[in-house]
Amino acid sequence: MTRFAPSPTGFVHLGSLFASMVAMRLARQTNGVFYLRIEDTDKKREVEGGITKIVNALSKFGIYFDEGFDKDGNEFGNYGPYLQSKREEIYKSYIKSLIEKGLAYPCFCSPEEIEKQKEEQTAKDLRVGYYGTWAKCRNLSMEDIEKNIKEGKEFIIRLKSEGDIEKFIELNDLIRGNLSLPENDQDIVLMKTNGLPTYHFAHVIDDHLMKTTHVIRGEEWLPSASLHLQLFNIMGFKAPLYAHISTIRKQDGPSKRKLSKRKDPELSMEFYEKEGYPIQTVIEYLTNLANSSFEDWRKNNPLAPLEDYNIRLDNMSVSGPLFDIVKLEDISKTIIANMNTDEVFNLYNTWAKSFDADFAKIIEDNKEYYYNIFSIERGGVKPRKDFSKWSEVKNYISYFNDELFAENLVSGYIFDNLDTRREDIINTLQNYLSLYNENDNNEEWFDKIKVITDKIGYTKDMKQYKKNPGNFKGSIADVATFIRITMTNRKNTPDLHRIMIVMGKERVEKRIHMALEFLNKMQ
RNA sequence: GGCCCAUUGGUCAAGUGGUCUAAGACACCGCCCUUUCACGGCGGCUACAGGGGUUCGAAUCCCCUAUGGGUCACCA
């Protein structure tokens, strides 16, 4: 039984996705329950529609809850409410019993007073905070309390901590192992003036009542884990098991730092959608960050569903990993390479409809043509790894589109050494035009390239050519390049023969004529 | 500043006292395959932060130093 417990800010970043993914996978692996609880005790942070935004953003990356909230923001599950502000009465009743037991007390100190005290402590080089003799309201008499309340003074409820800063408490973290933390001696706030609990108190009450067995959260909570253990103990609850996940960092000049919302676009989930990284890419990258042995598993099980891999907490890194977009792209290329044409075609279309509507329309109008384009060299034993994200696709296949190809030609063809080779190129193209048969198979097609090579006096012997290029006018590779540039105006493309089959006879011939016209005009 | 956590190649990392002249992956470089590019194959590069201990033996345990990160709210 584990959970994801964000504030309803509506913003899901890579770190939250990471934590929630690990938590969910862990629950699923053990047939446990994974639920969503919204921590809205700070009304300032709340964003309109925040809950549905979070649920939707996570669901795009395959994160689903067994209890909590659905995509419309409707609550479901047996241990609710899952919205902390609706649990106010629950917290209050526990607070009451704590006060009765003398384990908590009202504090009337104003924020200004606390601030002043802090300055004094700093000036005296003392530990700051509300503790020991600094906890002024700790021993207020019943009369004082009543008087203050009568005067209408605002108050908060504080823990009457019996912890000793000199003593240590053992925490067996599922990721980090045995940790020794100093006890908490601060009279921390349990309930705020608005009547809602602080995170610490809500965490203890909710995770007990909701029967959470595993708390998976960011390492920023580690220092307060001691306090949480103390609270569980005072309440007489059994503490859950903790797993503190290290923060994903980024190299920024000489230092590593936390991913920041303002500086790092890759922190936001929208970035991955916009760039068009497949969902699986992001999840597999994060899984790999969680357990690096995942990549070995993936290598041995290239097509197995991700769910078959079990994440292990004790294999997770304790030092914060650096975010590496290059690695992510490599993973993405492999994932896309393993997809069949239908998948690529459909996923690309879905992406294009949202982020490149014009091109999506073009594809829609020429479905078969583009489907064939996507099928080039796909599905074999050695699939190409041409792109890592959908936003790269258009540029990659643009030469198939007559208009985009024409646009590209505005700056001319990219033939090398035109002045000396113009005749050879013209010769090649004219020969090719007469020999070309759209029904040729690869072998027949290549035989014709060989014929042309002979005719224009180039060599078919690449080994010899590579040894002594100066001995030859040119090679069969040059002939292929002439045709490649004529068709695509690029030097690097997938299999030329396949490209021409997809382009069709008419387009192939037209492009030869275009190139010939260009070459003849140069005279 | 106090406290906590960490530190293995450019990056992610395996490693839990002997099997470490330290795995694998990404990146980079070279070669092979090859009509181009990719894919693939082969090879190379580069690491236990530094210093002290403990031990027959340390990447692994202890201490110190350095560096990085986290935290010290009526925010979560």
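Buried means under 20% relative accessible area, exposed over 50%, and partly exposed in between, with a 1.4 Å probe and protein chains only. Keep those cut-offs at hand for the tour.

This is a predicted model: local features need pLDDT of at least 70, side-chain atom pairs count only at pLDDT 80 or more, and totals for chains, interfaces and linings use all residues. Residues are numbered from 1 along each chain as its sequence is written, chains are lettered from A and ligands numbered from 1 in the order in which they are written, and side-chain values use heavy atoms, with hydrogens and water left out.

**Stop 1: an aromatic pair**

Select Phe34 and Phe65. Phe34 is buried, with a relative accessible area of 0%. Phe65 is buried too, at 12%. Rings of Phe, Tyr and Trp (its six-membered ring) pair if their centres lie within 6.5 Å; planes under 30 degrees apart count as stacked, over 60 as edge-to-face and the rest as tilted. A search of the whole structure finds 29 aromatic pairs. Here the ring centres of Phe34 and Phe65 are 4.8 Å apart and the planes stand at 20°, so the pair is stacked. The pair links distant parts of the chain, 31 residues apart: Phe34 is in strand β2 (residues 34-36), and Phe65 is in the loop between α2 (50-60) and β3 (68-69). Element names follow DSSP runs, numbered from the N terminus: helices are H or I with at least four residues, strands are E with at least two.

Next, select Tyr369 and Tyr370. Their rings form an edge-to-face pair, 5.4 Å centre to centre with 65° between the planes. Tyr369 is buried at 13% relative accessible area, and Tyr370 is buried at 2%.

**Stop 2: an open sheet**

Show β5, β6 and β9. They make an open sheet of three strands in the order β5-β6-β9, with antiparallel pairing. The edge strands are β5 (104-107) and β9 (189-191), each pairing on one side only. Two strands pair if DSSP finds at least two bridges between them. Strand β6 (residues 156-159) and β9 pair in the antiparallel sense over two bridges.

Pick Arg158. Its bridge partner in β9 is Val189. Where does the charged end of Arg158 sit? The charged end of Arg158 is over the ring of Tyr130, 3.7 Å from its centre. A charge sits over a ring if NZ of Lys or CZ of Arg is within 6 Å of the ring centre and within 35 degrees of the ring normal. Then select Arg127, which lies over the face of Tyr131 at 4.3 Å from the ring centre.

**Stop 3: a parallel pair**

Move to β10 (residues 214-218) and β11. They pair in the parallel sense over five bridges. Val215 stands opposite Tyr242 in β11. Strand β11 (residues 241-245) is mostly covered, with four of its five residues buried.

**Stop 4: RNA strand B**

Select the residues around RNA strand B. A residue is near a molecule or strand if one of its heavy atoms lies within 4 Å of it. There are 57 residues around RNA strand B, of which Glu39, Thr41, Lys192, Arg249 and Arg384 come nearest. Sugar and phosphate account for 70% of the atoms of RNA strand B that come within 4 Å of the protein.

A polar side-chain atom of Arg176 lies 2.6 Å from a sugar or linking oxygen of RNA strand B. For Asn492, the corresponding distance is 3.1 Å. Elements giving two or more residues to the surface near RNA strand B include α4 (111-123), β8 (177-182), β13 (255-258) and α20 (476-488).

**Stop 5: loops**

Most residues other than glycine have a negative phi. Select Asn31, in the loop between α1 (14-29) and β2. Asn31 has a positive phi of about 55° although it is not a glycine. At 74% relative accessibility, Asn31 counts as exposed.

Asp125 lies in the loop between α4 and α5 (142-150). Its phi is near 65°, a positive value in a residue other than glycine. Asp125 is exposed or buried? With 72% relative accessibility, Asp125 counts as exposed.

Finish at Glu438, in the loop between α17 (418-435) and α18. Glu438 is partly exposed, with a relative accessible area of 32%. Glu438 and Val502 are 64 residues apart in sequence and 9.8 Å apart in space, C-alpha to C-alpha.

Terms used:
A polar contact is a pair of N or O atoms within 3.5 Å; within protein, one must be able to donate a hydrogen and the other to accept it, and residues adjacent in sequence count only if both atoms are side-chain atoms.
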